[in-house]
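Here is a short tour of a structure for you to follow on screen. Please have the sequence and the model open side by side as you read.

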Amino acid sequence: MPQIAQLAETFSSQIFWLLVFFGITFFLIGRGMVPKVMGTVALRDKQIADDLAAAQGARDAADEQEEAWRERENANRAAAQALIAESKAKAAKASEKKLSAAQKRLDTKLAKAETEIEAARTAAMAEVEGVAAEATQDIVARLAGATVDKRTARSAVKKALAHG
Amino acid sequence: MAAEEGKVDPMKQFQIEPLFGSSWDIAGFNIAFTNSALWMAITVVLLWVFVYGGMKRELVPGRWQMAVESATGFIDDMLEANIGKEGRKYVPYVFSLFMFILFANLLGLMPVGIIPGVHAFTFTSHFTVTGVLAVMSFSIVLIVGFWKHGIKFFTLFVPHGTPLPMIPAIFLIELFSFMIRPFSLALRLFVAMMAGHVLLKVLSSFVIDGFNYGAMTSLIVAVPSFALMIAISALEILVAGIQAYVFALLTSLYINDAEHLH
């Protein structure tokens with residue numbers, strides 16, 4: 001077994017060169033390069049985490065904007081609704097006014113017409129009375145042969161008319 | 001391979017041969033550049049190439065970058081699961097340990113032997129190497145433990161709820177099992193790597209000798225041995241990964257003891 005047979009002559013060389021080459025491995029590769037490799041990994045992990053956070057932030061912002069847009073939209077809709085209601089009410093009021101004015105006009109016309117009718121009727125009545133009185137005078141003169149003066153005839157006619 | 005002698009020495013692959021610098025000394029200790037050191041160098045270069053390919057730092061990683069990031073992420077997750085948040089500062093060490101052992105194990109299995117004069121060498125099959133790695137891990141445990149907890153680190157050897165009269169005995173047993181850790185850590189890797197390579201070499205000698213002895217032995221020895229070699233090579237790739245993982249996992253568990261006591 002050379003490991004034991006050559007121990008005395010080779011152990012110092014083995015230990016020396018192992019320390020040299022393992023030292024190079026440790027200081028050059030282990031201390032020098034490995035932290036950089038791990039730094040790259042850490043950097044990438046951080047970048048991924050940051051990107052995810054940014055995406056989350058953008059999504060939140062989008063949600064917020066959508067919410068704001070919805071609020072604005074609702075407000076606009078409500079304003080439009082109010083505008084419509086207002087103009088509807090205004091139009092209703094205006095038409096009501098117009099209607100009431102027309103009604104008034106109609107009323108006055110009606111009243112006028114009624115008074116005219118009344119007057120005409122009174123006039124006609126008076127005429128009818130006159131005619132009736134004359135007729136009564138005539139009838140009385142013819143039947144009874146008596147002359148009735150105009151006043152008496154008229155009062156008689158009035159009495160008869162009033163009694164129906 | 002010593003095929004020309006009709007014999008394969010399964011131990012020859014563990015032979016350390018100085019390539020140059022046989023006369024280099026530090027304080028009287030020889031530090032010749034051996035084939036073992038050469039394969040350590042190859043391991044470091046390949047590991048550097050592997051990790052360097054993953055340093056493009058692109059936001060959307062390519063395949064290579066993904067592979068390197070998976071490797072660091074694997075160690076990071078393991079340390080976080082076993083130690084917690086404090087485990088992250090050990091990532092450079094445990095990553096180096098894991099990848100160094102993994103690359104060494106896998107390189108030792110590479111069939112570079114088909115190129116004449118080139119021999120793969122698995123330096124993790126030497127307990128001098130695994131021993132140093134284990135001692136490093138154990139030292140970190142001791143240093144972190146005493147740094148963080150001072151003398152209270154010894155309470156690690158007294159589990160919660162131990163009855164008072166049992167404390168001395170339990171303390172000794174726990175201390176012993178703690179002290180054995182670097183040995184078990186080193187021996188586990190060394191034995192696993194060595195056993196696999198010996199087994200492959202023994203089987204390869206069956207294949208060569210079987211073919212050399214004629215048609216009959218070719219059929220009943222060489223061919224089945226070759227099939228078995230293929231299967232065991234696959235198993236050895238698995239073992240290479242598992243042993244590297246076990247070494248790194250146990251190191252992180254031991255560091256957890258030092259960080260949190262119990």
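## Salt bridges

A salt bridge here is a side-chain nitrogen of Lys or Arg within 4 Å of a carboxyl oxygen of Asp or Glu. This is a predicted model, in which local features need pLDDT of at least 70 and side-chain atom pairs count only at pLDDT 80 or more, while totals for chains, interfaces and linings use all residues; side-chain values use heavy atoms, with hydrogens and water left out. Residues are numbered from 1 along each chain as its sequence is written, and chains are lettered from A and ligands numbered from 1 in the order in which they are written.

Over all chains, the structure holds 11 salt bridges. One of them pairs the side chains of A:Lys46 and A:Asp50, at 3.1 Å from N to O. Both residues belong to helix α2 of chain A and sit 4 residues apart, about one turn of the helix. Helices (H or I, at least four residues) and strands (E, at least two) are DSSP runs, numbered from the N terminus. A:Asp50 is partly exposed at 39% relative accessibility; buried means under 20% relative accessible area, exposed over 50%, and partly exposed in between (1.4 Å probe, protein chains only).

## Bridges that link parts of chain B

In chain B, B:Arg88 forms a salt bridge with B:Asp76, with 2.9 Å between the closest N and O atoms. B:Arg88 lies in the loop between α2 and α3 (91–109) and B:Asp76 in helix α2 of chain B, so this pair ties together parts that are 12 residues apart in sequence. B:Arg88 is partly exposed, with a relative accessible area of 43%, whereas B:Asp76 counts as buried at 10%.

The side chains of B:Lys148 and B:Glu259 also meet in a salt bridge, at 2.9 Å from N to O. Because B:Lys148 lies in helix α4 and B:Glu259 in helix α7 of chain B, the pair ties together parts that are 111 residues apart in sequence. B:Lys148 is partly exposed at 43%, while B:Glu259 is buried at 3%. Salt bridges that share partners join B:Lys89, B:Lys148 and B:Glu259 into one network.

## Chain B as a whole

What pattern does chain B follow along the sequence? It reads β-β-β-β-α-α-α-α-α-α-α, with 7 helices and 4 strands. Its C-alpha atoms fill a box of roughly 70 × 55 × 45 Å along the principal axes. Of the 262 residues in chain B, 45% are buried.

Contact means heavy atoms within 4.5 Å. Among contacts in chain B between residues at least 6 apart in sequence, 65% join residues at least 24 apart.

Helix α4 (residues 127–149) of chain B holds B:Val141, which is buried at 2% relative accessibility. Not counting residues up to four places away in sequence, B:Val141 touches B:Phe153, B:Phe178, B:Tyr254, B:Ile255 and B:Ala258. B:Thr130 is found in helix α4 too, and is buried with a relative accessible area of 0%. With the neighbours up to four places away left out, B:Thr130 touches residues including B:Thr124, B:Ala186 and B:Phe247.

B:Ser225 lies in helix α7 (residues 215–260) of chain B and is buried at 8%. Leaving aside its neighbours within four places in sequence, B:Ser225 is in contact with B:Leu203, B:Phe206 and B:Val207.

Most residues other than glycine have a negative phi. Which values do B:Ala27 and B:Arg57 take? Phi of B:Ala27 is near 50 degrees, and phi of B:Arg57 is near 55 degrees. B:Ala27 lies in the loop between β2 (25–26) and β3 (29–30) of chain B and is exposed at 72% relative accessibility. B:Arg57 is found in the loop between α1 (35–53) and α2 (63–82) of chain B, and is partly exposed at 45%.
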